[in-house]
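User: I would like to go through this model step by step, with the terms stated as they come up. Please begin with the conventions.

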Amino acid sequence: MIKHFTYHWAVKDGRSTTFEACDVFEFDENNKISKETIIYDTHQLRIDMGGNPLAF
């Protein structure tokens, strides 16, 4: 199963941006989540923040 998100994010200095992500879930034989992979599209985030978003 895949869940799509749009995040609205603000950093300490007051700037804000949005970015998209998908969480990909894998389930075991008991229908419990056995694995989650998160995929971020940070292209616009890098533009808005002027570089590496993890530095903020």
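Analyst: Contact here means heavy atoms within 4.5 Å. This is a predicted model, in which local features need pLDDT of at least 70 and side-chain atom pairs count only at pLDDT 80 or more, while totals for chains, interfaces and linings use all residues. Residues are numbered from 1 along each chain as its sequence is written, and side-chain values use heavy atoms, with hydrogens and water left out.

User: Leaving aside neighbours within four places in sequence, with which residues is Ile-2 in contact?

Analyst: Ile-2 is placed in strand E1, residues 2-10, strands (E, at least two residues) and helices (H or I, at least four) being DSSP runs numbered from the N terminus. Once the neighbours within four places in sequence are set aside, the residues in contact with Ile-2 are Cys-22, Asp-23 and Val-24.

User: Is Ile-2 buried or exposed?

Analyst: Buried means under 20% relative accessible area, exposed over 50%, and partly exposed in between, with a 1.4 Å probe and protein chains only. Because its relative accessible area is 58%, Ile-2 counts as exposed.

User: In what order do the three strands form the open sheet?

Analyst: Two strands pair if DSSP finds at least two bridges between them. Strand E2 (residues 16-27) and E3 run antiparallel and are joined by eight bridges. The pairing in the open sheet is antiparallel, and its three strands follow the order E1-E2-E3.

User: Which strands are the edge strands of this sheet?

Analyst: An edge strand here pairs on one side only, and this applies to E1 and to strand E3 (33-41). The edge strands are therefore, by the pairing rule of at least two DSSP bridges, E1 and E3.

User: Which residue in E3 stands opposite Val-24, and how far is the C-alpha atom of that residue from that of Ile-2?

Analyst: Opposite Val-24, the residue in E3 is Thr-37. Although Ile-2 and Thr-37 are 35 residues apart along the chain, the separation of their C-alpha atoms is 9.5 Å.

User: Is Thr-17 buried or exposed?

Analyst: Thr-17 lies in strand E2. Apart from neighbours within four places in sequence, its contacts include Tyr-7, His-8 and Trp-9, as well as Leu-45 and Met-49. With a relative accessible area of 6%, Thr-17 is buried.

User: Which residue takes a positive phi in the hairpin of E2 and E3?

Analyst: Ile-33, which is in strand E3, is the bridge partner of Phe-27. The hairpin of E2 and E3 has five residues between the strands, and the residue with a positive phi near 60° is Asn-31.
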